[in-house]
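Look at the sequence and the structure first.

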Amino acid sequence: MKNVHILVPETAVPAAIVDPQYMFTAINGFLVAAGQEAFFKVHLVGVEPEIRLNDGLMVIRPDRLMQEVDQPDLIIIPAISGDIKQAIEKNKGMIHWITEQYQKGAEVASLCIGAFILAATGLLKGKTCSTHWMHAQTFRAMFPEVKLVDDRVISEQNGLYSSGGANAYWSLLLYLVEKYTSREMAVLASKYFLLDIEKNSQLPFSIFKGQKAHEDKVILAAQEYLEKYYDQKITVEDLADRFGLGRRTLERRFKQSTTNTIVEYMQRIKIEAAKKQLETGRKTVSEIMFDVGYNDPKAFREVFKKYTDMSPLDYKVKFAG
């Protein structure tokens with residue numbers, strides 16, 4: 001039997017506590033119904049006997065306090081909410097405990113932006129991690145030593161698991177069910193919870209809003225210029241001349257500020273504009289390709305797939321209203 005300890009941090013997202021509890025207890029029910037023994041022993045674990053969430057509208061009372069628990073096999077860190085730095089500070093009492101349990105042999109899985117608490121332990125240094133695509137830039141700024149793979153739904157390395165944004169954590173829960181029990185149980189759970197068992201990318205759901213959480217005013221101006229004239233052909237040399245910088249200096253400062261090269265940034269702006277037009281369903285893929293400044297269908301399809309993990313036509317079918 002596997003001891004699963006679901007943490008109840010301050011500012012946690014309640015659903016990210018209840019959902020894994022529901023998943024693992026449901027698997028126990030499936031196993032018992034099949035004449036087998038329950039496999040998971042599930043506990044909600046907290047630092048305090050009562051944690052108030054959602055501005056006090058919800059109260060969760062863990063059935064175990066952290067200092068009382070047996071050695072866990074798997075620790076679940078749910079998503080947190082609000083100011084991330086404040087959330088980490090409020091839950092610093094958990095961070096040493098998580099590290100200690102991992103060193104004793106426990107595996108640790110973070111759901112959505114629970115990855116920030118996992119990263120705060122230092123266990124992810126030099127390792128890969130997934131989190132919500134919307135918080136990718138903040139994560140990279142706070143934990144530059146972690147290899148963020150913000151396109152992935154699931155990341156696993158050395159018994160440390162993480163998931164992409166929001167409901168993507170269901171994919172990680174299915175993955176853990178399959179790892180600990182069987183493919184048969186994971187498929188049964190996917191049918192019971194109406195989940196896509198093969199979802200492996202969150203790129204189709206991401207929205208590129210630019211990366212402007214920096215203080216380089218010249219680069220901010222360059223970003224705004226690119227966003228305004230995304231449908232025009234702008235070279236790096238054109239941009240360097242316009243803002244009075246050498247090409248190498250502009251490229252270095254742009255990459256440092258945004259984590260993208262200038263070419264990547266231009267591609268992402270164009271593809272985001274194309275996605276919005278595809279979602280309306282009013283224009284053909286070729287018309288939209290020309291609207292966003294591409295003339296080569298092959299090049300457009302390749303760049304579109306790079307940032308969405310789908311073809312333009314498949315994206316239109318999936319998201320057009």
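Ala, Val, Leu, Ile, Met, Phe, Trp, Tyr, Cys and Pro count as nonpolar, Asp, Glu, Lys and Arg as charged, and the others, Gly among them, as polar. The model is predicted: local features need pLDDT of at least 70, side-chain atom pairs count only at pLDDT 80 or more, and totals for chains, interfaces and linings use all residues. Residues are numbered from 1 along each chain as its sequence is written, and side-chain values use heavy atoms, with hydrogens and water left out.

The average pLDDT (the predictor's confidence in each residue, from 0 to 100) of the protein chain is 90. A score of at least 70 is reached by 96% of the residues.

A cavity is a set of points, on a 1 Å grid over the protein atoms alone, where a 1.4 Å probe fits but cannot get out. A pocket is an open set with protein on both sides within 12 Å along at least five of seven lines. Lining residues have an atom within 4 Å of a point. Points are joined across faces, edges and corners, and a volume is the space filled by probe spheres set on them.

The structure holds one cavity of 30 Å³ or more.

| Space | Volume | Lining by class |
|---|---|---|
| Largest cavity | about 50 Å³ | six nonpolar, one polar, one charged residues |
| Second largest pocket | about 290 Å³ | five nonpolar, five polar, two charged residues |

Leu226, Tyr229 and Tyr230 are among the residues lining the largest cavity. The lining of the second largest pocket includes Gly293, Tyr294 and Asn295.
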